[in-house]
Amino acid sequence: MALSYEILLMRLFSIIQYHHFAYMVISLALLGYGASGTFLVFFRQAFLRRFPLALMTNILLFGITAVACFLGGQQLLFNPDEMLWDQGQWLKLVVLYLLLALPFFFAANCIAMTFSQFRQKISEIYAADLLGAGLGTILILGLLFFLFPQKLLLLLGSMIFSICAVAWLELGLQPRWQALLFILAAGLFFLLPSKMTGLAMSQYKGLSQQMRIEGSRIVEERSSPLAMLTVVENKSVPFRYAPGLSLTADSEPPEQLGIFTDGDSMAVMTRFPEDISQLAYLDKLTTALPYHLNQIKDVLVLGAGAGTDVLQALFFGVPDIAAVELNPQVVQLVGDRPGFSGDLFKREDVHVYIAEARSFVSGSSRKFDLIQLPVIGAFSSSAAGLYALHENYLYTVEALEEYINDLNPAGYLSMSCWVKLPPRDSVKLFATAVTALEMLGIRNPGNYLVMIRSWQSASLLVKKSPFSRKEISLIKEFCSKRLFDLVYYPGMQQQEANRYNIMRQPYFHDAAAGLLESGSGSFRQRYKFNIKPSTDDKPYFSNFFKWQTLPEILQLKGQGGVVLLESGYLILILTLLQAIATSLILIFLPITASSYSPIPHTAWSRWRIIIYFFAIGLGFLFLEIAFIQKFILYLGHPLYAAAVVLALFLIFAGLGSHYGRKGKFHVVWPVVIILGLGILDLIIAYFLFDAVNWLPISIKILIAVMMLGPLAFTMGMPFPLALTGVGAETPDLIPWAWAVNGCASVIAAVLATLLAVHFGFAAVVLMALFLYGLAAIVFPSGQSKKGDPLF
């Protein structure tokens, strides 16, 4: 249940905060596992003397705090956006950590006490724990299809109370009928008032800001493991979503409904007009450019959302439109309002595919005249650096190579982003396109690129063949009529840029020209922000952080420079430092406490326990997290990847632990197999995923089982083998070993992400394998020898 709760918290915090922040808060909350081990070092004997009562109490407290601590924590109204100027947010953050750590503390107490009470059966207990966690992952994912996350939180609390009833019976406590009281108490969670159990969303998210506008009204909400969708209408102040609409526009969009994904990333559903000419505003967007250069016969819209790009293609008379959307609930929302949407996705000239964009492109044999990608990110969030750690596989070098290969010989790839100063997104997008063209063997990529901008948005066109003089003439005419600025076209001069939406300097053109110079590497190095193209190994497109720029930004704090900070990255660094500091306290407190007895001369000395359990704690989580990240692209969504990979790792590790109980072998043999399988799986992930990415999700999961199952099976052996040895020689140190392993897991959750940002996921996997090798080296080779400790 603890892992089910962790996954549910990821969804809840993704809604009330942001995806990456949810991940980091929960990683620190897992310090509850480390704190549990340290706590039981001092109170183990007292708890074991009253084991049934202690176990029941901790299960009950887990159930109560699982619900109460989240509901209380969100009422703190913590906002990571304000941490750099509001010192009070730091206190709120500490309180939030403590609150979220409590449920995991009580859950970990149950496991650690059971290890100590039944230390001869550690392998079986560990196996049951992992198997239960893996099955719980599958359960929570399934329930998210039917229940809103806030309702599922109440159900989870009631399920934990029901577990108390089972424990009462299994422990043989009397009278047995009192087990029914826990079942009855489980229903109390659903009697909590809705105001208390509602979600308190960050005031900086798009939905919160929209609801401050007079007349805004939520008309529908839907939820799934992919996202929570919120449909908003406003009759008083209508939606007018048209990114970068030309200042020459003489018509406005028809009525629109706002659709927010997890409270942010707004898209719109536009009323389908009786006369298609009423969509003329779509001709005044930068994304209309490719339709003026050639006759587009077929278009592929990736990330179709509620259909804005599809409407644009229909306005320009495209006879064959393929629309790909990952979330089926978005398509259902459009289909459930045929009178409003005009049954957009059921038209004969529109073909909708529920699929992940990269998977669809990999499996498609069609060629298109135009491939259209959605505008990158939500303006407010990306501007604040909150998506710096958000994995985005749509805009990597490898992704652009695939898109270009799926174009007809004269086809276009169209990508757009928001205009921000200093330029970041648009420059990185241009750099990524240049690198992708170079990887395809094109010597002069500048001949294949065109970029324009309005006052708010920029669009980049990548053509499969060089742009002709006629096309360049049409591009100039298009921009002139709409007062759009030319950023780059083949042969463009600097004085042609920055004419309408004037800036102090032609920043965008100068950046594009610098990226096309022969020494573009030095330009990237000199640039104030990180504009190195993202790859499938490091898919952090929105990470623009550079340490060398930090002092300059901090000096501008009083002049609004804080918005230039990549707060997501900085929060990650601060989280890592906090995790290390807290973990050191929890690990070394039992050693430094005066009441703690020194360890006798045994094979499992203090430092051997620290190195071994810390190494496998880091190694296990490093492998889990690295493969979760790689499977995001393969399975199409972060939550699917997390659920599938976690379930496989835990279920097969549980089976491996159960098998390992029979073994009297040295840990070096499982480690050797882990090293071999780890390298093999890394090769498969990097070189074979593309070949099978087009397969149905069921087949992909089967491949994942065959790929990760054997690795996870052997990874389940090192921990119980060592803990059984510790229990046989120094049973008082079982909780301490548990604490060391738990603290390592917390640090690993943050450190793995940081390593992936800088060195890639492959480096994280290789580091994990090194740590397993280190653990094998320090594992005792035989029984203890009196007077011959390792340290």
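Student: Where does leucine 247 lie?
Tutor: This is a predicted model. In it, leucine 247 sits in the loop between strand S2 (228–234) and strand S3 (256–261).

Student: Is leucine 247 buried or exposed there?
Tutor: Leucine 247 is exposed, with a relative accessible area of 60%.

Student: What does leucine 247 touch, sequence neighbours aside?
Tutor: Leaving out residues within four places in sequence, leucine 247 is in contact with Trp455, Arg482 and Asn501.

Student: And how far apart are leucine 247 and isoleucine 163?
Tutor: They are 84 residues apart in sequence, and their C-alpha atoms are 63 Å apart in space. Isoleucine 163 also turns up among the H7 residues that meet H4.

Student: OK, H4 and H7 then. At what angle do H4 and H7 pack?
Tutor: Helix H4 (residues 51–74) packs on H7 at an angle of about 175°, and the axes are 9 Å apart. That angle makes H4 roughly antiparallel to H7.

Student: Which residues make the contact?
Tutor: On the H4 side they are Met56, Ile59, Leu60, Phe62, Gly63, Ile64, Ala66, Val67, Phe70 and Leu71. H7 contributes Leu153, Leu154, Gly157, Ile160, Phe161, Ile163, Cys164, Ala167 and Trp168.

Student: How do the residues of the contact of H4 with H7 divide by class?
Tutor: There are 17 nonpolar residues, two polar and no charged.

Student: Which helix is serine 158 in?
Tutor: Serine 158 is in H7, which covers residues 149–170.

Student: Why does serine 158 count as buried?
Tutor: Its relative accessible area is 6%, and buried means under 20%.

Student: What lies 2.6 Å from a polar atom of the serine 158 side chain?
Tutor: The backbone oxygen of leucine 155 does. Beyond four places in sequence, serine 158 is in contact with Ala186, Phe189 and Phe190.

Student: Where does proline 422 lie?
Tutor: Proline 422 is in the loop between strand S9 (407–418) and helix H17 (425–439).

Student: What about phi? Which residue has a positive phi of about 50° although it is not a glycine?
Tutor: That is serine 265, which is placed in strand S4 (residues 264–270). Serine 265 counts as partly exposed, at 30% relative accessibility. Asparagine 498 is not a glycine either, and has a positive phi of about 60°.

Student: Where is asparagine 498, and is it buried or exposed?
Tutor: Asparagine 498 lies in the loop between strand S12 (485–488) and helix H19 (507–516). At 14% relative accessibility, asparagine 498 counts as buried.

Student: Back to helix packing. How do the axes of H25 and H30 cross?
Tutor: The axes of helix H25 (residues 668–687) and helix H30 (residues 761–778) cross at roughly 175° and come within 9 Å. H25 is therefore roughly antiparallel to H30.

Student: Which residues of H25 and H30 meet?
Tutor: From H25 they are Val668, Val671, Ile674, Leu675, Gly678, Ile679, Leu682 and Tyr686. From H30 they are Phe761, Ala762, Val765, Leu766, Leu769, Tyr772, Gly773 and Ala776. By class, the contact of H25 with H30 has 14 nonpolar residues, two polar and no charged.

Student: And H29 with H30, at what angle do their axes cross?
Tutor: The axes of helix H29 (residues 734–759) and H30 cross at roughly 130° and come within 7 Å. The two helices are therefore oblique to each other. Ala752, Leu755, Ala756 and Phe759 of H29 make the contact with Phe761, Ala763 and Val764 of H30. Those residues comprise seven nonpolar, no polar and no charged.

Student: Now the whole chain. How many helices and strands?
Tutor: The chain has 30 helices and 12 strands. Its C-alpha trace spans about 85 × 60 × 55 Å along the principal axes.

Student: What radius of gyration does the chain have?
Tutor: The chain has 28 Å, which agrees with the value near 28 Å for a compact globule with 791 residues.

Student: How many of the residues count as buried?
Tutor: Of the 791 residues, 60% count as buried.

Student: And what share of contacts join residues at least 24 apart?
Tutor: The share is 77%, among contacts between residues at least 6 apart in sequence.

Note on methods
Residues are numbered from 1 along each chain as its sequence is written. This is a predicted model: local features need pLDDT of at least 70, side-chain atom pairs count only at pLDDT 80 or more; totals for chains, interfaces and linings use all residues. Side-chain values use heavy atoms; hydrogens and water are left out. Axes are lines fitted to C-alpha atoms, for helices over the stretch in contact, and angles run from 0 to 180 degrees between N-to-C directions. Helices (H or I, at least four residues) and strands (E, at least two) are DSSP runs, numbered from the N terminus. Angles under 35 degrees count as roughly parallel, over 145 as roughly antiparallel, 65 to 115 as roughly perpendicular and the rest as oblique. Contact means heavy atoms within 4.5 Å. Ala, Val, Leu, Ile, Met, Phe, Trp, Tyr, Cys and Pro count as nonpolar, Asp, Glu, Lys and Arg as charged, and the others, Gly among them, as polar. Buried means under 20% relative accessible area, exposed over 50%, partly exposed in between (1.4 Å probe, protein chains only). A polar contact is a pair of N or O atoms within 3.5 Å; within protein, one must be able to donate a hydrogen and the other to accept it, and residues adjacent in sequence count only if both atoms are side-chain atoms. The radius of gyration is taken over C-alpha atoms; the globule rule is 2.2 Å times the number of residues to the power 0.38.
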